Amino acid sequence: MYQCKDMLIKDVTVTALGDSPNTDGIHMGDSSGITITNTVISVSDDCISFSPGTSKVNITGVTYGSGHGISIGSLGRYKDEKDDTNINVKDCTLKKTTFGVRIKAYEDAASVLTVSKIHYENIKMEDSANPIFIDMKYCPNKLCTANDASKVTVKDVTFKNITGTSSTPEAVSLLCSAKIPCTGVTMDDINVEYSGTNNKTMAICTNAKGSTKGCLKELACF
């Protein structure tokens, strides 16, 4: 969906083979007023992805099977990209996805833009990898021309009541930029535990500022 306004997606099933290349389930950009509800998505790339210029989005009651979870981004790849703001994701389940809820921006981003007012609440992880992930060093093909040179600002992001199990020891990864740290990150009732036996549940938090309340002690970043 590009340059769309006030759209509803309800009671939809989106399926692609787990090894099919680059198959995002639902992708949007330069759009606002989008609602996605009571939908099932199982693909091989991002289940739902938000390109630049996305705002006023509400996602509720979605189940995600295979795929890369819910992704804001990737951001900053091209010049003159617009902000992403006011995105709300609630009452969703992710089953064995490669990522859970993720924000990703190129490490050498060409655009100056802001991601703000992002809210994730009542999200259940069922053995998903990387359940909570902010990646300001995104460089999928290792072709970035500069290290820690992102021009993307991430602020006012809330993770609330995220529960379940992680297939990776890192249940929380906040990999923000030293140049533009993530600010206003709220971690509220985060209880996701590593399902394996060869390591312990952990959080990796760099250049992120915010608050923690009611979280599993291993996941208290602040």
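Ile-134 stands opposite Leu-174, a residue of strand β13. This is a predicted model, in which local features need pLDDT of at least 70 and side-chain atom pairs count only at pLDDT 80 or more, while totals for chains, interfaces and linings use all residues. Residues are numbered from 1 along each chain as its sequence is written, and side-chain values use heavy atoms, with hydrogens and water left out.

Back to Ile-134. On β11, Ile-134 is also the bridge partner of Ile-103. Strands here are DSSP runs of E, at least two residues long, numbered from the N terminus, and two strands pair if DSSP finds at least two bridges between them. β11 covers residues 132-138. Its pairing with β9, residues 101-106, is parallel over five bridges, and its pairing with β13, residues 170-175, is parallel over four. Six of the seven residues in β11 are buried, where buried means under 20% relative accessible area, exposed means over 50%, and partly exposed is in between, with a 1.4 Å probe and protein chains only.

Next, the longer-numbered runs. β10, residues 113-128, runs parallel to β12, residues 152-166, and twelve bridges join them. Within that pairing, Lys-124 has Thr-163 of β12 as its bridge partner. β12 in turn is joined by ten bridges to β14, residues 182-194, again in parallel. There, Gly-164 stands opposite Val-192 of β14.

Now the core. Which residues touch the most other members of the largest nonpolar core? They are Ile-59, Tyr-64, Tyr-120 and Phe-159, in a core of 59 residues. Strand β10 supplies the largest share of this core, six residues. By nonpolar core I mean a set of buried Ala, Val, Leu, Ile, Met, Phe, Trp, Tyr and Cys residues joined through side-chain atoms within 4.5 Å. Leaving aside residues up to four places away in sequence, the contacts of Tyr-64 include Ile-41, Ile-48, Ile-59, Ile-70, Cys-92 and Leu-94. Contact means heavy atoms within 4.5 Å.

The largest pocket holds about 680 Å³ of space. β7, residues 70-75, and β9 are the elements that give two or more residues to its lining, and β9 gives the most, with three. A pocket here is an open set of points on a 1 Å grid over the protein atoms alone, where a 1.4 Å probe fits, with protein on both sides within 12 Å along at least five of seven lines; lining residues have an atom within 4 Å of a point. The lining has 33 residues, and Ser-74, Arg-77, Tyr-78, Tyr-106 and Tyr-138 lie nearest the pocket centre.

Ser-74 comes up again in the backbone. The peptide bond from Gly-73 to Ser-74 is cis, with omega near 15 degrees, and Ser-74 lies in β7.

Two lysines have positive phi. Lys-56, in strand β6, residues 55-64, has phi near 55 degrees, a positive value in a residue other than glycine. Lys-56 is exposed, at 54% relative accessible area. Lys-117, in β10, has phi near 55 degrees too. Lys-117 counts as exposed, at 55% relative accessibility.

Methods: Grid points are joined across faces, edges and corners, and a volume is the space filled by probe spheres set on the points.
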